[in-house]
Amino acid sequence: MKRRSKSQKFQLHHRWNRKLIILLLIGLFLGTLALMQTQYSRIKKLALSSHPFVQKPKIAFLFIARNRLPLDMVWDAFFQGDNENKFSIYIHPRPGFLFNKATTRSAYFLGRQVNNSIQVEWGEASMIQAERVLLQNALEDPHNERFVFLSDSCIPLYNFSYTYDYIMSTSTSFVDSFADTKEIRYNPKMHPVIPVENWRKGSQWVVLTRKHAEVVVNDSIVLPVFQLHCKRKSLPEFWRDHPLPADGSKEHNCIPDEHYVQTLLAQEGLEGEITRRSLTHTSWDLSSSKEHERRGWHPVAYKLADATPTLIQSIKEIDNIYYETEYRREWCTSTGKPAPCFLFARKFTRPAALRLLNMTAPGVQGEASTNS
């Protein structure tokens, strides 16, 4: 047998090394290809299984405040019930007032003041203008579909989920509106722009659909008439600024914010698109004032001693409202079923509201009994 030369051994060894390297490279290529295929399949599966984020309709909460929101921590607890970005906040304070860490303890209200606020006087048309300013700002967000007006003394009666579903369950606005048949409010000078048959009265704390919010913002006919002819009656405490007229019986005691939205929607033929009641409860004590002129002008203010579960439950149990000028009883429903009439209540002092918040079972943030 012939022995292989050293050169032949070297060549044979070199060929085996080259084959081994080629096999390793092929294996590495196939392994990488398989890994890439696996990753591609995983990414494709994730892409098919996940849905793009869709912003749900939002409720714009519109606060009319003097300066601070004294009940900010009550609302802070309320807004914590939303984890789907289904609300917006807008605040109308006096011009120049800022909501920062020095003026609010709730992160939800930081920087939420509108930048074009105006000075508001109670019983003047400036209140209507403030409402329009809030709506103008809120309408800039196309996802805002409902617009809830609230005072700085309002509290929520239920949690966010129940409140959202209640408001969004209908396509109507909630506007407390009834025919005002008393002659002391309507000024005949409003005719013929606003005929008496379209004259309405109600609470300013309304909930508007986007369509109706746009109607309010775009109004250029009814507002000027209100500014000219809807003014509160002169009162003794305002003598220095507004001397009493010689014949006070001829004055029309017109409070603009109690008539404007209601009358405007009636003028536009939109009353068929509203639920004619408010979602905000207010208690009026007609006998509490010693001065006849002041009776019924301001709601009852709930103080610390008044803030009890019994009070909240009594408001929650209201299921109908009677309008004596129209002989109409409004039975309250939601999704076609009997439901509480009110989602919010006023007028609560800060100690009263915080007491309710700190109670173990205050009912302020609970579900409706019809849903539990």
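Lys-347 sits in the loop between strand S15 (344-346) and helix H9 (350-358). A cis peptide bond, with omega about 25°, links Arg-346 to Lys-347. Helices (H or I, at least four residues) and strands (E, at least two) are DSSP runs, numbered from the N terminus.

The model is predicted: local features need pLDDT of at least 70, side-chain atom pairs count only at pLDDT 80 or more, and totals for chains, interfaces and linings use all residues. Residues are numbered from 1 along each chain as its sequence is written, and side-chain values use heavy atoms, with hydrogens and water left out.

Another cis peptide bond runs from His-191 to Pro-192, with omega near 10°. Pro-192 belongs to the loop between strand S6 (178-179) and strand S7 (200-201).

Two residues have positive phi without being glycine.

| Residue | Phi | Loop between |
|---|---|---|
| Thr-335 | about 50° | strand S13 (333-334) and strand S14 (337-338) |

Asn-85 is partly exposed, at 42% relative accessibility. Thr-335 is exposed, at 58%. Buried means under 20% relative accessible area, exposed over 50%, and partly exposed in between (1.4 Å probe, protein chains only).

Now the whole chain. It has nine helices and 15 strands. Of its 372 residues, 45% count as buried. Among contacts (heavy atoms within 4.5 Å) with a separation of 6 or more, 78% come from residues 24 or more positions apart. The chain exposes about 21,000 Å², with 56% supplied by carbon and sulfur atoms. Accessible areas come from the Shrake-Rupley method with a 1.4 Å probe; for residues, only the protein chains shown count as cover.
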